[in-house]
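Good morning, and thank you for coming. Please look at the structure as I bring it up.

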Amino acid sequence: MLKEDLKVWLERISKLSLIRISSEEEEIILNDMKKIIEFFNTINSLDLSNVEPLFMVLKDEPVVRDDEVGESLSVDEVLKNVKEVEGGFIKGPKTA
Amino acid sequence: MIILSKLIRKGATELVELFKSDPRLIEEYIVSVYEVIDRVEDLVRSYITLRPLNEVLADGAKVRETLTNGFKGRLAGLLVAVKDVIVTKNLRTTCASKILYDFIPPYNATVIERIIGEGGIVVGKTNMDEFAMGSTTENSAFFKTRNPWDLDRVPGGSSGGSAVAVAAYEASIALGSDTGGSIRVPAAYTGIVGIKPTYGLVSRYGLISYGTSLEQIGPMARNVSDLALLLSVIAGYDPHDSTSLKVRDLNYMEFLKPTPMKKYRIAIIRECVSEGVDNTVLTAFNRSLRRFEEEGLEVLEVSIPIIKYALPAYYIIAMAEASSNLARYDGIRYGYHVSVEGRTWDEVYTEVRSEGFGLEVKKRILLGTFVLSAGYYDQYYLKASKIRKLLYDEFMKLFKEVDVVVTPTTPTTPPRFGEALTDPLKLYLLDTYTVVANLTGLPAISIPSDIVNDVPVGLQLIGPRLSEGYLINLAYIHELKSGLKDLVPTAVSGYV
């Protein structure tokens, strides 16, 4: 159950997601969201207070490799897809 | 009317043997596959990026030379189609998204390294639902892929391009990825075989992430032997993937036996055959069960009531993971870009993401952000993860009593274009039987069960952890008894 109005909700979530919703998209999204959230709410009828959650099916903890220098990509290869490069650095927006 | 080489109808396993005895045949094979592509690709549109024939012939010539020098590559000379969610060095990889429309990866996924290492040749990158989010391949940012059995129907998704490339003889074998059914659904809809391996069996290094805890790369093929061949190559430990299982030297060809390798006990789940299933699907399903019974295998019915909550739990978890995984698309390091001049970080990110992502992807990121947000986490994400635990425990318990669970792969035959998109829940329902294997990490294969009214229907077999060999054995037996292998869909039946 939503604790807020659907339109206010969408504004808040789209701000959190850094996704702007155009006016054409808004109606479709609101309509679909309502249906999907109702569908999600079907799990609310279950009482699961005594159940442990399962986030990952692996029995063992994921392993990390030894901290040894291996082969890696060259700087040129890494920068190949960057659109704005300055002096070998990736250019980002100014930090206020 | 052109006469195609006889090689076009041969399976991958057979071709590899032919190439070993006569490496010169590789060129004839490549040319004939491109002749099929020339004729059918405009109708079905499997490929986002197809490599030019001369480049592929040059690769073929190199393989021919190594074979002449005694190379024994298990895929030597074969053309492999690759879903555009798997990165390929210097070959554009888009995820069927505008946000990655010009991305040229600087490295190969582990599965690609292994395929090339065995002499396989990547022929092109196949269409899919954007970021693998969809079950029909209608959500591609570029174009829709059509089902070669009926051009008015969807091929299933999200690995629809890979399924169609294989089904329409535009490649011998293919790679797909499966987060909630994305290999098995299109395999069922196009009359081929596809497997979602045990979680951790195949390296995810170089697979562009959507639902990290759910997804696996897997093979798609026109027959069970070819699937076993490709799975043997891609399965096994990879230090580049921290979730990779420490299993090595797997050879699934040993399970291609015409009789049961053990006295399999087969379970059907009451909840999966009672409501919401098409009659045509159910008839095909029952016919498949009889084939197993004729082999002397026992079929029993069980009930798993929690299974009706699997679909909402799956979508909550998948969307939560998506919202986190897709946070990386900032437009600064790669992909769709807007100038950083005069904009703040938030403005750049927001502009890139709003313009670069399609509608279905946006919906899933928004909902994923929501189910993880303060005040809603316990109600949705945590609760879904508890359902996952109950489901997992139920299947572990069940597999102490039985060896395999069978269900129809999908509740219906392939929808016509637009049918599943009218309502988001209609689209999600296509994954009703497949998501269980992703939530539990178990292996599941889809094989042709029947052809009804000229469209294929799929059968799904789910097994215990790392039981791929036995699933392949059962799939092979079913294939022998049903004769459903190397099927030729209507779109290419005039010349293949």
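Predicted model: local features only at pLDDT ≥ 70, side-chain atom pairs only at ≥ 80, totals over all residues.

Residues are numbered from 1 along each chain as its sequence is written, chains are lettered from A and ligands numbered from 1 in written order, and side-chain values use heavy atoms, without hydrogens and water.

In chain A, the axes of helix H1 (residues 6-17) and helix H2 (residues 23-40) come within 11 Å and cross at roughly 100°. Helices here are DSSP runs of H or I with at least four residues, numbered from the N terminus; axes are lines fitted to C-alpha atoms over the stretch in contact, with angles from 0 to 180 degrees between N-to-C directions. H1(A) is therefore roughly perpendicular to H2(A), a term for angles of 65 to 115 degrees.

Now to chains A and B. How many residues does each chain bring to the contact? Chain A gives 57 and chain B gives 75. The area buried between them is about 6000 Å², with 67% from carbon and sulfur atoms; buried area is the accessible area (1.4 Å probe) lost on being put together, summed over both parts.

The rule finds 6 salt bridges across this interface, each a side-chain nitrogen of Lys or Arg within 4 Å of a carboxyl oxygen of Asp or Glu. B:Lys89 and A:Glu77 meet in a salt bridge, at 4.0 Å from N to O.

Definitions and conventions: Helix = DSSP H or I, 4+ residues; strand = E, 2+ residues; numbered from the N terminus. Parallel < 35°, antiparallel > 145°, perpendicular 65-115°, else oblique. Contact = heavy atoms within 4.5 Å. Buried area = accessible area lost by both parts, 1.4 Å probe.
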